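The following paragraphs lead through selected features of one protein model. Please keep the sequence and the coordinates at hand while reading.

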Amino acid sequence: MKKLIFFIFCLITVYAYTPITPINEIMVNKAKAKLGMKLFFDSRFSADGKVSCRTCHTPMAGWADMRPVSRGVYDKKGDLNSPTVLNAVYNFRQFWNGRAKDLKEQMNGPFHNPVEMGMSNELLIKRVKENKKYVKLFH
């Protein structure tokens, strides 16, 4: 039995020795990151003015949602809970079902979803333009 365990251990050790490929460094634009953080916590970008990204991606819960299903505008229940946003830039696909190829494609989903944030492009733009700080930061 000891020989079998030793053999399995050796086999695992040989096959487990695969070097880890380093993650490519991502250049961060600090001004965009600061703007993104402001937008993340701002509930003005939901139809009822009560939901922000932080509502479902809670910092104290690992930037995810601890509830079985997430809740959106007007306290509507979603179909899933929200995954963590930590290091999401490194995900090869976004959302639980992988329907968005990257964060740029992903970010439109929640804004336009009638359950999550319930916004139209027109209303989003209007709310950005109403805030002089955002107008300045976007330019």
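**Aromatic cluster, core and cysteines**

F40, F41 and W63 form one aromatic cluster. The model is a predicted one, in which local features require pLDDT of at least 70 and side-chain atom pairs count only at pLDDT 80 or more, while totals for chains, interfaces and linings use all residues. Residues are numbered from 1 along each chain as its sequence is written, and side-chain values use heavy atoms, with hydrogens and water left out.

A pair of aromatic rings is described by the distance of the centres and the angle of the planes. Here, rings of Phe, Tyr and Trp (its six-membered ring) are paired if their centres lie within 6.5 Å; planes under 30 degrees apart are called stacked, over 60 edge-to-face, and the rest tilted. On this basis the whole structure contains four aromatic pairs. In one of them, F40 and F41, the ring centres are 5.3 Å apart and the planes stand at 70°, so the pair is edge-to-face. The rings of F41 and W63 are also edge-to-face, because their planes stand at 75°, with 6.2 Å between the centres. F41 belongs to the loop between α2 (30-40) and α3, and W63 to the loop between α3 and α4, so this pair ties together parts that are 22 residues apart in sequence. The helices named here (H or I, at least four residues), like strands (E, at least two), are DSSP runs numbered from the N terminus.

How far is each ring of the cluster shielded? Buried means under 20% relative accessible area, exposed over 50%, and partly exposed in between, for a 1.4 Å probe and protein chains only. F40 is buried at 14% relative accessibility, whereas F41 is partly exposed at 39%. W63 is partly exposed as well, with a relative accessible area of 22%.

In soluble globular proteins, nonpolar side chains tend to be buried together. A nonpolar core is a set of buried Ala, Val, Leu, Ile, Met, Phe, Trp, Tyr and Cys residues joined through side-chain atoms within 4.5 Å. The largest such core in this model has 10 residues, namely L35, F45, V51, V73, F111, M117, M119, L124, V128 and Y134. For one member, V73, contact (heavy atoms within 4.5 Å) beyond its neighbours within four places in sequence is made with S46, A47, D48, V51, P114, V115, E116, M117 and G118.

Y74 is located in the loop between α3 (53-56) and α4 (103-106). Although Y74 is not a glycine, its phi is positive, at about 55°, and the residue is exposed at 53% relative accessibility. N87, in the loop between α3 and α4, likewise has a positive phi, near 55°, and is exposed with a relative accessible area of 55%.

Helix α4 includes Q106, which is buried at 19% relative accessibility. Leaving aside neighbours within four places in sequence, Q106 is in contact with Q94, F95 and A100. The ring of F95 has the charged end of R99 over it, 3.7 Å from the ring centre; this assignment requires NZ of Lys or CZ of Arg within 6 Å of the ring centre and within 35 degrees of the ring normal.

What of the cysteines? The structure holds zero disulfides, a disulfide being a pair of cysteine sulfur atoms within 2.5 Å. The sulfur of C53 has its closest cysteine sulfur in C56, 8.8 Å away and too far for a bond. C53 is partly exposed at 22% relative accessibility, whereas C56 is buried at 11%.
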